[in-house]
Amino acid sequence: MSNFDLAGRKALVTGGARGIGAEIAGALARAGASVMIGDILGDLGRETAAGIAKSGAKTGFVALDVTDDASWEAAAANTVSALGGFDILINNAGIEVTALIADLDAGQFRKMLEVNVIGVGLGMKHAFRAMRPGGAAGKGGVIVNIASVAATIAFPAIAGYSASKSAVDRLTRVGAAEAGKLGYGIRVNCIYPGLVANEMGLKLANDVVAAGLWPSVEAAVGDVVGLTPVGRLGEMRDMTDATVFLCSDAARFITGAGLPIDGGMGT
Ligand SMILES: NC(=O)c1ccc[n+]([C@@H]2O[C@H](COP(=O)([O-])OP(=O)(O)OC[C@H]3O[C@@H](n4cnc5c(N)ncnc54)[C@H](O)[C@@H]3O)[C@@H](O)[C@H]2O)c1
């Protein structure tokens, strides 16, 4: 059950094999959408898609490396043919490499920019081409980019990640402006999730301890919670509810927006 109705919609979720992306894929399906999972993790991605299909939703998996233009072109075409359309894109795939600025590694930094920034830009490109009038799907649609609270705060050891997520914020706003100006019928928004205690979130907590910034994971997490007015870390359903809302017609007049889902931590 969902508060918002996505019956008949056709969605592609990048990085949907696990984590926040897998949860978003499940939530879109519960709201009535058909869902393709696009990921570099084939076995896990297929498993996640099959798990969601047990609820009766139409699902599929497509191999997708978001840093690669040709991979995107194939994934968009595959989504249209497998689902019979394409009107929701969740640009969720992302990586986080923790590093103090004094220790930045150019190769790792570049990789993070490729996945988090170029991956989102290429996703918007191929969704625009497929969804706009005359495109292979051609019925307009919605894009939700997954940025981060890291785009709105200054937290030590995540300068590169913060830079990449700030870029997602700007990609979102320019995308919304272009889609509007050119009559694509596509809304483009992003969310800024706060820290979630999954694999990526806990790795960050361990990394800042290893960097000597906090004495323990408990102290680091405690400080994050202390900076959060709602007084807790993020939960998956906080992210999925907001994303389903932005995809739904309840958000029909919302585009070019960034929605903090961070318990008030960001500015
Ligand atoms: N976990 C958090 O606390 C948190 C907070 C704020 C924002 N985010 C953002 O949410 C998104 C999901 O994060 P998560 O916590 O679920 O991470 P995760 O590591 O659990 O999942 C990321 C997924 O992206 C996929 N992926 C990585 N590189 C890819 C590529 N080149 N092409 C296609 N898929 C690729 C991975 O295989 C994986 O399935 C990311 O954009 C992340 O930056 C996470």
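**Entry 1: the ligand.** I am working with a predicted model, so I keep that in mind throughout. I began with the ligand and found 30 residues around it, the closest being Gly15, Gly19, Gly94, Met200 and Gly201. Which helices each supply at least two residues of this shell? I noted helix 1 (19-30), helix 4 (106-131) and helix 6 (199-210).

Entry 2: I found 7 of them in an open sheet with parallel pairing, in the order 3-2-1-4-5-6-7. Strand 3 (59-63) and strand 7 (258-261) are the edge strands; each has a single partner, so one side of each lacks a neighbour in the sheet. On average, neighbouring strands are turned by 20° against each other, direction ignored. Which residue of strand 4 is the bridge partner of alanine 11? I read off isoleucine 88.

**Entry 3: helices on the sheet.** I saw helix 1 packing on the sheet, where it touches strand 1, strand 2 (34-39), strand 3, strand 4, strand 5 (141-146) and strand 6 (186-193). The direction of helix 1 makes about 170° with that of strand 1. Helix 5 also packs on the sheet, touching strand 5, strand 6 and strand 7, and its direction makes about 165° with that of strand 6.

**Entry 4: helix 4 with helix 5.** I looked at how helix 4 meets helix 5 (residues 159-181): their axes come within 9 Å and cross at roughly 15°. That angle is why I call the two helices roughly parallel. Their crossing is right-handed. The contact includes Phe109, Met112 and Leu113 of helix 4, and Tyr161, Val168 and Leu171 of helix 5. I sorted the residues of this contact into 12 nonpolar, 5 polar and 1 charged.

**Entry 5: helix 1 with helix 8.** Last, I checked helix 1 against helix 8 (residues 236-247), which pack at an angle of about 50° with their axes 9 Å apart. Because of that angle, helix 1 is oblique to helix 8. I noted a right-handed crossing here. Ile20, Glu23, Ile24, Ala27 and Leu28 of helix 1 meet Met236, Met239, Thr240, Thr243, Val244 and Cys247 of helix 8. This contact divides into 8 nonpolar, 2 polar and 1 charged residues.

Conventions
Residues numbered from 1 in each chain as written. Predicted model: local features only at pLDDT ≥ 70, side-chain atom pairs only at ≥ 80, totals over all residues. Near = placed C-beta within 6 Å. Helix = DSSP H or I, 4+ residues; strand = E, 2+ residues; numbered from the N terminus. Axes fitted to C-alpha atoms, helices over the stretch in contact; angles between N-to-C directions. Parallel < 35°, antiparallel > 145°, perpendicular 65-115°, else oblique. Left-handed = near helix turned anticlockwise from the far one by under 90°. Contact = placed C-beta atoms within 7 Å. Nonpolar A, V, L, I, M, F, W, Y, C, P; charged D, E, K, R; others polar. Pairing = 2+ DSSP bridges.
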